[in-house]
Amino acid sequence: MGIWQFFQPPLYWQQFEELCTALLTEVYNVPNAQQVGRPGQAQHGVDVFGTSSRYGRIGIQCKRLADLDEKGNPYPGGPISRTFLRDEADAALGFTPDLSLWILATTARRDTKVQAWVEEINYEWEQAGRKRIAIVWTWDECISHLNSYPDLQRRYYRDVIQVRAPKDLDEIILRTIAMAFARPAFEVPLHCETPSEFFQALKDTQKALRTGELVDRESRQVIRKAIGGYHELDDAAARNGLRDVDQNLKLLRAQLEQGLKDGTIVAVGTCLDLRQPALARYLDDLRQRCLDDLNRVLSHAGIPSI
């Protein structure tokens, strides 16, 4: 019996659609599997389409989830609600040519609620005389398929995601975290910071550190993701170094919040007035310590410092 491996979900939705295309080819022996339109442009609830000699026409709706739990894993079910599932299943009825099998593929973990909703749809389709079946591929099913097709596993994770070894995944995580720290909150003097923006920047940076999810400051959209954050680093020294960074960020946020409460820090217009020089030096030192510890980790990994 071979060794069963766990795989992190793809970092980007384009990669997930490419994986679903490859899985359709292998799992259902579909030589003509292809994405519908450009990546991300589902048509009638279908992102990937192909024809199987055994199962007929198959369409896949790909749903890569962004929501993560405190351990950096996708929530079971995530944002897949009963309404979303039914809307997508109804949309897929308009896809031509007609499908024999419609698959909702998701990076969320297996969830009995979602499976029950799929069975509701199948019952209704059967009662209406539709010769179509709906199924759900959670990330657990995707992992099972990847373990069943080692050639696909090696090809996909080597050529598409370009992860050949734990060191490669570590680099993706570290570069994402480095991007999170490359922002004004860690560059301009503390007294020049806008209070609300500074606190949001610290919150975003800590989230990127802990979960690997980086959001754009203006649009609030996720612009990069390395699922798991520093917790998933294979290198123990890097993991421990970033744990120290996380603790110092937490302390920095707590000290700033306490200062605003007790009046030693005052928001004056768009600036912070740090009224005790010793506190100002301490907070600056704490912020610099975060950067120094991060740069030591990056240097250890051969990644340019920030």
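Me: In this predicted model, which residues is aspartate 246 in contact with, leaving aside its neighbours within four places in sequence?
Reply: They are Gln206, Leu209, Arg210 and Tyr230. Contact requires heavy atoms within 4.5 Å.

Me: Where does aspartate 246 lie?
Reply: Aspartate 246 lies in helix α8.

Me: How far apart are the C-alpha atoms of aspartate 246 and tyrosine 230?
Reply: They are separated by 9.3 Å. Along the chain, the two residues are 16 residues apart.

Me: Why is aspartate 246 called buried?
Reply: Its relative accessibility is 3%. Buried means under 20%. So aspartate 246 counts as buried.

Me: What makes the link between the side chains of aspartate 246 and glutamine 206 a polar contact?
Reply: The value is 2.9 Å. The cut-off is a pair of N or O atoms within 3.5 Å, so this pair qualifies as a polar contact.

Me: Why is strand β2 described as largely enclosed by the rest of the structure?
Reply: Strand β2 covers residues 48-52.

Me: What makes β2 and β3 a pair?
Reply: Five bridges connect β2 with strand β3, residues 56-63. The requirement is at least two, so they pair. Their sense is antiparallel. In β3, isoleucine 60 is the bridge partner of valine 48.

Me: How many residues lie between β2 and β3 in their hairpin?
Reply: Three residues lie between them.

Me: Which residues touch the most other members of the largest nonpolar core?
Reply: Ile177, Phe181, Leu242, Leu256 and Leu283 do. This core has 34 residues. Each of α6, α7, α8, β9 and α9 supplies at least two residues. Helix α9 gives the most, with nine residues.

Me: Which residues does leucine 283 contact, leaving aside its neighbours within four places in sequence?
Reply: Leucine 283 is in contact with Leu190, Leu252, Gln255, Leu256, Ile265 and Leu274.

Me: Which residues does the second, separate core include?
Reply: Among its 24 residues are Cys20, Leu24, Tyr28 and Ala105.

Me: Why might nonpolar side chains be found buried together?
Reply: In soluble globular proteins, that is how they tend to be arranged.

Technical notes
Residues are numbered from 1 along each chain as its sequence is written. This is a predicted model: local features need pLDDT of at least 70, side-chain atom pairs count only at pLDDT 80 or more; totals for chains, interfaces and linings use all residues. Side-chain values use heavy atoms; hydrogens and water are left out. Buried means under 20% relative accessible area, exposed over 50%, partly exposed in between (1.4 Å probe, protein chains only). Helices (H or I, at least four residues) and strands (E, at least two) are DSSP runs, numbered from the N terminus. A nonpolar core is a set of buried Ala, Val, Leu, Ile, Met, Phe, Trp, Tyr and Cys residues joined through side-chain atoms within 4.5 Å. A polar contact is a pair of N or O atoms within 3.5 Å; within protein, one must be able to donate a hydrogen and the other to accept it, and residues adjacent in sequence count only if both atoms are side-chain atoms.
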